[in-house]
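Try each task before you read its solution.

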There are 2 protein chains.
Amino acid sequence: MRIALDAMGGDNAPRSTVLGALAAVKENPSITVVLVGDEQAIRSHLPQEIPSSIEIVPTTEVIQPDDEPVRAVRRKKNSSLVVAVEMAREKIVDAAISAGNTGALMTAGLLYAGRMEGIERPALAAYIPNVKGRVTLTLDVGANMDAKPHHLLQYAVMGSLYAEKVLGFENPKVGLLNVGTEEGKGNELTKAVFPLLAEADLNFVGNIEARDVMEGACDVLVCDGFVGNVLLKSVEGAASTIFSLLKQEFTSSLINKVGAAILKPGLSRFKKRMDYAEYGGAPLLGLRSPVIKAHGSSDEKAIKNAIASAALFVKQDVNDVIQEELQKNRTESE
Amino acid sequence: MRIALDAMGGDNAPRSTVLGALAAVKENPSITVVLVGDEQAIRSHLPQEIPSSIEIVPTTEVIQPDDEPVRAVRRKKNSSLVVAVEMAREKIVDAAISAGNTGALMTAGLLYAGRMEGIERPALAAYIPNVKGRVTLTLDVGANMDAKPHHLLQYAVMGSLYAEKVLGFENPKVGLLNVGTEEGKGNELTKAVFPLLAEADLNFVGNIEARDVMEGACDVLVCDGFVGNVLLKSVEGAASTIFSLLKQEFTSSLINKVGAAILKPGLSRFKKRMDYAEYGGAPLLGLRSPVIKAHGSSDEKAIKNAIASAALFVKQDVNDVIQEELQKNRTESE
């Protein structure tokens, strides 16, 4: 199996991507990782003897985190991100991964990989950590701003299958992000989606309020891309604000530093529980080729695990299973 | 000035409401608080000598936190919440406050207080604490699920005036909750709202991403009721989850308890920075009578401050100023 990795994408690239790729091929000898990017920069992190399961495809351009996505993808055709996705489309590789510009990856996915048959709107998934030590696969978090009810049904089907086949969640609980738990709550969209989810062949657990997401109320959370983006960024923002304020307090005096030092192992354990690097990257679902978005701040471990996720995405034929399931749901609803 | 307080509403009522009322009239002798609720329960928290600025209006019913709002308001006509709002409508009091069932207070506000002229959709505001030690007045957080662009413009005008007149924020910065900071980002609603806000007589600072809200990127944040509800509950949920996980770590061993004891003053200071009790309750804006929703977990101090907010709401003629400003914005846009 061959996986293309945008070696230049992410805050810690290309160090994190190259070392993550080396770790991944060591752990799983059936994988070949194609590092796409600046050859010299990539080689500087590789050993003298490059393993046979690591290949390099040199590119000359890099899409920056703050590049306007559509323009960047159209103009930087020789960028590491675009070339990685194109290689997936051309079936030179089985899947593509990037920790770079999210909007650009979605755009490249739509333009180059293309939509799966029957999917109007691919969805970007993300992981929200929860107290159960797992993650909630949340989709859509920003691919499609004005979603229709049947889009959300498709997100639910795709998310549920991905959670089962790649994350290993048995019979994943699917929830609908809403403002209250009772049926009939919400806006026009969620009111229309609820019965569709209830009738589908899913383990649908009903409406989920935003405050219960981190309590682990469901495994797969479905919402439109605008709301999902707000949810994801507010959780990230709240966590980051709280940690930085706590850090200020914990370092504000010598005695506080002593207290913080005592608590350090506990704080590390806590951080580990909130760490979703072990789940690797989250998928763009509904594209013809498997495409994985790794977190921008991915380290070596997160990249290694994103590669493992991509490998399972391919090995478990998730896209084929999604196609069958969508067909089934369509037939049932006719 | 006379303010009706639903003495039975909130997790700590009637103790919190009665003690909060006593503290408020002591601090501000020009206020009379009318405690609406179970007379015996109220009296049990009052001194033998009831101050002349405290009155009691006895009611026989209570709307519970989990009552279905519309049904509860229609059926429990002698409930403390409904009677408090009715007294405001009848101008027996100048304003009404409740820390009880939010949906019921919105329903009672719409049914009994009624909409201000020119306002199609009143909005429920809420406070989100930020690192600047202030709060971000966020609206709508759930009164109106499917908002139109001109509703959001009205929220902005009402929120900005309330922030200035009641919260004392000078020239409040108004932001539009969105998925990116650039103009042109977002869903159909936010794309249509952006130019309306840019043209209005407001200190509009543009799009605000959810992760920057707690950084204090703006003073007044405008969004539709569905998205606002998700934002508010995800911030609350993330904070509560993080604190409970930290608490687990801090009490997991004797040595950790020692560390936590050392850090206790710092943790208390931190909690205080995140505490928005000092801002009292948040308003329902766009109703004919001033109605304030205090947080369900309000203690005596939060109730006292909600009463102070209600008094400023009345004293500053916020509703009259809103009417003038709406008229101005309407004329300008014609």
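**Exercise 1.** At roughly what angle do the axes of helix 4 of chain B and helix 5 of chain B cross?

*Solution.* A word on the model before we start: it is predicted, so local features need pLDDT of at least 70 and side-chain atom pairs pLDDT 80 or more, while totals for chains, interfaces and linings use all residues. Residues are numbered from 1 along each chain as its sequence is written, chains are lettered from A and ligands numbered from 1 in the order written, and side-chain values use heavy atoms, without hydrogens and water.

Step 1: find helix 4 (residues 80-89) and helix 5 (residues 102-113) of chain B; their axes cross at roughly 35° and come within 9 Å. Axes here are lines fitted to C-alpha atoms over the stretch in contact, with angles from 0 to 180 degrees between N-to-C directions. Helices are DSSP runs (H or I) of at least four residues and strands (E) of at least two, numbered from the N terminus.

Step 2: list the contact residues (heavy atoms within 4.5 Å). Helix 4 of chain B brings Leu81(B), Val82(B), Val85(B), Glu86(B) and Arg89(B), and helix 5 of chain B answers with residues including Ala104(B), Leu105(B) and Tyr112(B).

**Exercise 2.** How many aromatic pairs does a search of the whole structure find, over all chains?

*Solution.* Step 1: the search gives four. Rings of Phe, Tyr and Trp (its six-membered ring) pair if their centres lie within 6.5 Å; planes under 30 degrees apart are stacked, over 60 edge-to-face, and the rest tilted.

Step 1: take Phe194(A) and Phe204(A), whose centres are 5.1 Å apart; their planes stand at 75°, so this pair is edge-to-face. Phe194(A) belongs to helix 7 of chain A and Phe204(A) to strand 8 of chain A, so the pair ties together parts ten residues apart in sequence.

Step 2: move to Tyr162(B) and Phe313(B), an edge-to-face pair with 5.3 Å between centres and 80° between planes. Because Tyr162(B) lies in helix 6 of chain B and Phe313(B) in helix 10 of chain B, this pair links parts 151 residues apart in sequence.

**Exercise 3.** Is Ser298(B) buried or exposed?

*Solution.* Step 1: locate Ser298(B) in the loop between strand 11 (291-293) and helix 10 of chain B.

Step 1: its relative accessibility is 6%, so Ser298(B) counts as buried (under 20% relative accessible area; exposed is over 50%, partly exposed in between, with a 1.4 Å probe and protein chains only).

Step 2: leaving aside neighbours within four places in sequence, Ser298(B) touches Asn12(B), Ser16(B), Ala99(B) and Ile303(B).
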